[in-house]
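Morning, everyone. Let me put the model up, and then we'll go through a few local details.

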Amino acid sequence: MSGLRLIRTRRDLRAEIGAWKAAGLTVGVVPTMGALHEGHLSLVERARAETDRVIVTLFVNPRQFNSAADLAAYPRTEGEDFERLVPAGAHILYVPDPEEVYPPGFATTISVGGVTQGLCGAFRPGHFDGVATVVAKLLLQSQADRAYFGEKDYQQLLTVQRLVADLDLPTRIVPCPTLRDSDGLAMSSRNRRLSPQERDLAGALPRALFDAAGRIGAGEATSPVLASAREALLAAGFSRVEYLELRNAADLAPVETLEGGPARLLVAAFMGEVRLIDNVPVTMA
Ligand code: AMP
């Protein structure tokens with residue numbers, strides 16, 4: 001028998017966590033939107049190593065989608081997700097319905113400033129309000145001591161860190177490195193939507209990113225490097241590059257050079273209908 005319990009209501013969740021807390025156990029939470037891959041499982045593994053009990057949440061949060069078509073197309077594989085989490089050693093898979101998260105009359109939005117400006121914040125209006133609101137709820141509901149977030153979604157990670165600091169939430173946010181396929185493409189639930197041919201072409205995204213990061217790190221001027229990386233992506237079959245920007249790694253302020261400390265190169269680009277994001281650190285060689 002597996003030790004993994006499927007829970008769908010706040011009530012059942014609270015009862016289970018209450019018993020853990022009474023026994024003095026620590027709790028780790030891994031918030032996800034499902035369609036789990038090795039990247040998600042690496043977060044679960046880290047949580048298993050650092051906390052006594054691990055909750056994985058699966059909620060495709062309607063409030064963080066700014067397009068109904070994108071929400072409808074998001075992959076949903078709950079049965080498979082459950083099966084993958086059994087050997088990973090998670091204790092609870094929490095899968096609330098939207099009405100459980102946003103009951104009638106729900107009227108609160110949490111809006112984080114600063115790090116949400118630009119990048120995905122500019123192209124997905126309301127996205128980070130949706131993320132901040134649902135993450136605050138999930139952290140409070142899970143009473144987590146630690147919560148695990150991937151660097152893959154770097155702007156989201158910084159947004160959640162800001163949220164927790166500003167609202168004095170008692171959860172430590174643990175950043176986790178990006179897991180990549182053998183050609184460098186960051187693992188993502190959205191990769192499932194790529195055709196085999198698109199999937200092949202998508203390898204150009206990490207190549208362009210790492211190449212540009214290396215050149216900027218070696219001292220080349222940022223603007224021409226980014227212009228040529230954009231061209232490389234379009235030539236490789238990406239239909240649109242939403243952004244490709246160098247930012248300060250700590251506060252996401254736009255930067256031209258590495259003089260202000262560690263930087264991050266972040267990208268969002270479309271391969272066919274599928275919007276892919278990625279980011280890499282940029283440091284002086
Ligand atoms: P998602 O289900 O896409 O909302 O992702 C859930 C969590 O897994 C987020 O904290 C993501 O940053 C993280 N994640 C997604 N893809 C990866 C990856 N390739 N490597 C590490 N973490 C990831």
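Start with Thr 222. Its relative accessibility is 5%, so Thr 222 counts as buried. Buried here means under 20% relative accessible area, exposed means over 50%, and partly exposed is in between, with a 1.4 Å probe and protein chains only. Thr 222 belongs to helix α11, residues 222–235. Helices (H or I, at least four residues) and strands (E, at least two) are DSSP runs, numbered from the N terminus. What does Thr 222 touch, leaving aside its neighbours within four places in sequence? Ile 216, Leu 246 and Glu 256. Contact means heavy atoms within 4.5 Å.

A word on the ground rules. This is a predicted model, where local features need pLDDT of at least 70 and side-chain atom pairs count only at pLDDT 80 or more, while totals for chains, interfaces and linings use all residues. Residues are numbered from 1 along each chain as its sequence is written, and side-chain values use heavy atoms, with hydrogens and water left out.

Now the aromatics. Rings of Phe, Tyr and Trp (its six-membered ring) pair if their centres lie within 6.5 Å; planes under 30 degrees apart are stacked, over 60 edge-to-face, the rest tilted. That rule gives four aromatic pairs. Take Tyr 102 and Phe 106: ring centres 5.0 Å apart, planes at 75°, so this pair is edge-to-face. Tyr 102 is buried at 12% relative accessibility. Phe 106, at 23%, is partly exposed.

Next pair: Phe 123 and Tyr 243. Their centres are 6.1 Å apart and the planes sit at 35°, so this one is tilted. It links distant parts of the chain, 120 residues apart: Phe 123 is in helix α6 (residues 120–123), and Tyr 243 is in strand β7 (residues 240–248). Phe 123 is partly exposed at 36% relative accessibility. Tyr 243 is buried at 4%.

Back to Tyr 102. Together with Phe 59 and Phe 106, Tyr 102 forms one aromatic cluster. What sits over the ring of Tyr 102? The charged end of Arg 63, 4.3 Å from the ring centre. The criterion is NZ of Lys or CZ of Arg within 6 Å of the ring centre and within 35 degrees of the ring normal.

Last stop, β7. Seven of its nine residues are buried, so β7 is mostly covered. β7 pairs with strand β8 (residues 263–271) in the antiparallel sense, over eight bridges. Two strands pair if DSSP finds at least two bridges between them. Val 241 stands opposite Ala 269 in β8.
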